[in-house]
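Work through the exercises below with the sequence and the 3D structure open. Each task is followed by its solution in steps.

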Amino acid sequence: MCEHDSCGHHEEPPTGPDRRALLRTGLVAGAATALTLGPVAFAAAAAGVPAPGSSTSSTVSGHLETGAADFVYLPVEVPAGVREIAVSYSYDRPAVPAGTPGNSCDIGIFDERGTELGGEGFRGWSGGFRTSFVISNSEATPGYLPGPVNPGTWHVVLGPYQVAPQGLDYQVQITLTFGEPGPAAPVHYPADRARGRGRAWYRGDCHLHTVYSDGRRLPGEVAAGARAAGLDFMVSTDHNTSSSHAVWGPLAGEDLLIITGEEITTRNGHWLALGTEPGEWVDWRYRARDNAYPRFVRQVHRAGGLVVPAHPYCPYVACQWKFGYQGADLVEVWNGPWTYDDESAVDAWDSHLAEDLRAGRAWLPAMGNSDAHSVPQVIGSPHNVVLAEDLTRDQVLAGLRAGRSWLAESAAVQLEFTATGRGRRAGIGERLAVPADAPVDVVLTVSGVPNGTVRLITDEGQLHQESLPAAGTGTVTWRTTASLATYVRAEVRHPLPDGTPGKGNTMGPALPWGPMAALTNPILLGAQQSSQGLSDRP
């Protein structure tokens, strides 16, 4: 149920029939369940052309029960001559028993072009981070797209992703201000290349947030943080919006490549779209059961971008990954400070790695990112170190896609990892094609991890462990064959809290390892198996 009243300095009653009679359920084509309310119209606008600078407001209030639709659409009939649309909202937060989710409700808006899944009508989303927003041709609240406020039916969208047992009472106020539209907002997309070093290892954080979604850092602060962390590139991934893309241009430079992207936060997990076209938006309004995810994977791939399931074992509501890994290009196994869900992600990735290589399928590289939103979260901890032909968008994405990368907690950590045999040499993400019984020497050189523990891991599990000295620099050499190891990868861990190195192949009540300092993608050993035409995980 909902009720409709008016408020504001220029009060106008709504026009049209009783709103309670207009409540209806429906679907956004191909998307998660939706509830559409009756339309909001403005009597003042119907009476004639309002004076420039005048405004009119209407307020909608209503109640949602537990189990409400994923998205609640409030149509707003916008007349001609509107310069600016402003929306504010609130909802109650009743006390709930321990262990029971309380009320949480997001908000966004679509313009007169409609709410079709993946359509052109998207004008912004701020999740639950803001209680109000404004859109005009000249500017918009971060998270929203500036542009003309054209006449037609707009839709305010509520996203009640947690509803308390008592239900959720909400109130939405819409204010229209009339007048000339004003000049268009400036657009400054970042360049797709920076001054690189040719074929080299480049460092970058591919999961970062700003005030354009739920971060508290301005874009300039994020770019400065990337430089301070010693990064060569970064990817902008604000939640469910491309609104920050147009501000990055002046913040990039010859020393920092900024790539545009988005974090898509569905009800069944989050994923990163890395390297989308500047200004391109990727929809999030679907669940795994809706079979819409593959469509948006294809959208990102058409733009040459990467699809990356993010923090797949995150315990928060709607964060755990439920879509499977078909179509993914990498998986984020390390997200921010090292925690137990990262341990789960690495273990699951390693299992999939062995399965894929055994079946001759394309394997899924690992990625690590800071997911930094605000202080004290550290930009670049962790980040990716990728071998790319040059410091360009396409070459960086190609290196990541190929798995020619390793993960570091900071730029203080240096690493080199190779395998040699029969006069041949391979590095991270590459294959050493040798006979099954040929000796293979695996060498890891690392610095920046005092008293660290090196683990060499294959499809049989950990087969070698060695401690680094107090100076944190050392070289570890281990011999194997392709018959004993389909692949080999390396982890470098910090000591346990008690100062001990940790020990593999043991079981007990505590975690056997300290936090991760570095993690490599694998070196593959032996002859290439036939993929039988399979390139995606089943």
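**Exercise 1: the largest pocket**

Task: sort the lining of the largest pocket by residue class, then locate the pocket's centre and its contributing elements.

Solution. Step 1: the lining of the largest pocket divides into 16 nonpolar, 19 polar and seven charged residues. Here Ala, Val, Leu, Ile, Met, Phe, Trp, Tyr, Cys and Pro count as nonpolar, Asp, Glu, Lys and Arg as charged, and the others, Gly among them, as polar.

The model is predicted: local features need pLDDT of at least 70, side-chain atom pairs count only at pLDDT 80 or more, and totals for chains, interfaces and linings use all residues. Residues are numbered from 1 along each chain as its sequence is written, and side-chain values use heavy atoms, with hydrogens and water left out.

Step 2: of the 42 lining residues, Asp214, His239, His270, Tyr316 and Cys319 lie nearest the centre of the largest pocket. A pocket is an open set of points on a 1 Å grid over the protein atoms alone where a 1.4 Å probe fits, with protein on both sides within 12 Å along at least five of seven lines; lining residues have an atom within 4 Å of a point.

Step 3: at least two lining residues each come from β8 (122-127), β10 (152-162), β14 (257-266) and α4 (340-359). Helices (H or I, at least four residues) and strands (E, at least two) are DSSP runs, numbered from the N terminus.

**Exercise 2: aspartate 70**

Task: is aspartate 70 buried or exposed, and which side chain does the side chain of aspartate 70 join in a polar contact?

Solution. Step 1: aspartate 70 sits in the loop between β4 (55-64) and β5 (71-78). Step 2: aspartate 70 counts as buried because its relative accessibility is 3%; buried means under 20% relative accessible area, exposed over 50%, partly exposed in between (1.4 Å probe, protein chains only). Step 3: its side chain has a polar contact of 2.8 Å with the side chain of arginine 287. Such a contact is a pair of N or O atoms within 3.5 Å; within protein, one must be able to donate a hydrogen and the other to accept it, and residues adjacent in sequence count only if both atoms are side-chain atoms.

**Exercise 3: valine 297**

Task: which residues does valine 297 touch, not counting residues up to four places away in sequence?

Solution. Step 1: find valine 297 in helix α3 (residues 293-302). Step 2: with 7% relative accessibility, valine 297 counts as buried. Step 3: valine 297 touches Trp271, Val307 and Gly327 (heavy atoms within 4.5 Å).
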